[in-house]
Amino acid sequence: MTDLSRRLADLRQDIDTLDDQLIELLAKRAKLTGSIGQIKAQTGMPVYVPEREKELIASRRQKAVSKGVSADMAEDLLRRIMRESYHTQNNRYRCINPKAGNVVVIGGRGALGRVMVSLFERSHYEVSVVEKDDWDKPETRAMLACAHLVIVAVPINLTESVVQSLDMLADDCILADITSIKAKPLNAMLKTHTGPVVGLHPMFGPDAPGMIKQVVVVCHGRGEAQYGWLLEQMRTWGATLHFSSAEEHDQAMAYIQVMRHFNTFVYGAHLQGEDIDLETLTVFSSPIYRLELAMVGRLFAQAPELYADIIFNNPANFALLRRFYERFGRALDVLETGDKAGFIEQFNQISRWFGEYAQKCLVDSKQLLLKADDGQTMRK
């Protein structure tokens, strides 16, 4: 072995030793954050405190610079560590309303319903689940009549009919839904139930471990003071609440969900129609295109009924999709006529409309792409 080879082996051994020490430090940190989680559960403090995280990141970035370490690398590492610590802290939460009585989740064995059941159980509430096979049982009606909070977590196409059957609820029972549309369910709840009503839309999928750093849209219905504890409980779970009218929410969802899901559906249909080899596409794709392809594949790995319900729910959405189709056609006309200058001019108009947000997206997406490339997302 040459001197350089021995030197290289010694340096690698030193790195291995430091890596081992780093793992030991992570284990010690995890133990500390677990203890912090216990204190937060007892006091009701939220797991996620944005101000605390912001101050910590800023401080550690300065420390990194003073030590000659990349501040961006330090921030990336810390954010990954903190994300893990948030999850280790959320085993138990403080129960905001110990006198709440029974919480019933209709559809509690469904994807998002299970998340809600888990959160309530980890907050020491008495939780019952009602599924379609339980609906005709006499004890189900009695359970619902005694419930203090009923959450409807069934598919969109069933929500209104389920809500309309809840005529047995007590006057002080809180009735809520967690569907991705709000106007129709909220109106149905207000017509059926005379007590407190609130529409909720958790803006995350069932694969999320909880509500930490997640947004929940809240559409007030009736009796805000009576369901205030429920909103505070969600904040304790780490959620950020965004208040909106049902109409504003549904209009936004037409662009966020309906338009994007349908566009992805058509993209997938086109790939199938062209009979493209997906593995070949990934080989020739940069990280951003692999991510885009991953989002297309993600759609078709899930239940078609969910996306069909979202898209078909409101015929008014079809007009939006028709306008998109027409703009696509006009853009194609520009290409077919060879009007390159016209294309550039329209591009610049759109760029000006996006304004500073486009630059922010450029910066944020670079960070995402670096992470995707590290993990060789969607490569063989």
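How many aromatic pairs does the structure hold? In this predicted model, there are nine aromatic pairs. One of them joins Phe343 and Phe347, whose rings are tilted, with 6.4 Å from centre to centre and 45° between the planes. These two residues are four apart in helix H14 (residues 340-354), so about one helical turn separates them. Phe343 is partly exposed, at 42% relative accessible area, while Phe347 counts as exposed at 54%. Another pair, Phe354 with Tyr357, is stacked, with centres 6.5 Å apart and planes at 15°. Phe354 is partly exposed, with a relative accessible area of 39%. Elsewhere, Phe120, Tyr125, Trp229 and Trp237 come together as one aromatic cluster.

A search of the whole structure finds 12 salt bridges. One of these is formed by Arg79 and Glu53, at 2.9 Å from N to O. This pair links distant parts of the chain, since Arg79 sits in helix H3 (residues 71-89) and Glu53 in helix H2 (residues 50-66), 26 residues apart. Arg79 is partly exposed at 35%, whereas Glu53 is buried at 7%. Both belong to a network of salt bridges that also includes Arg61, Asp72, Glu75 and Lys213.

Arg141 and Asp167 form a further salt bridge, with their closest N and O atoms 3.1 Å apart. Arg141 lies in helix H5 (residues 138-146) and Asp167 in the loop between helix H6 (156-164) and strand E4 (174-177), so the pair ties together parts 26 residues apart in sequence. A salt bridge also connects Lys182 with Asp177, at 3.0 Å between the closest N and O atoms. Lys182 is buried, at 0% relative accessibility, and Asp177 is buried at 0%.

Methods: Residues are numbered from 1 along each chain as its sequence is written. This is a predicted model: local features need pLDDT of at least 70, side-chain atom pairs count only at pLDDT 80 or more; totals for chains, interfaces and linings use all residues. Side-chain values use heavy atoms; hydrogens and water are left out. Rings of Phe, Tyr and Trp (its six-membered ring) pair if their centres lie within 6.5 Å; planes under 30 degrees apart count as stacked, over 60 as edge-to-face and the rest as tilted. Buried means under 20% relative accessible area, exposed over 50%, partly exposed in between (1.4 Å probe, protein chains only). A salt bridge is a side-chain nitrogen of Lys or Arg within 4 Å of a carboxyl oxygen of Asp or Glu.
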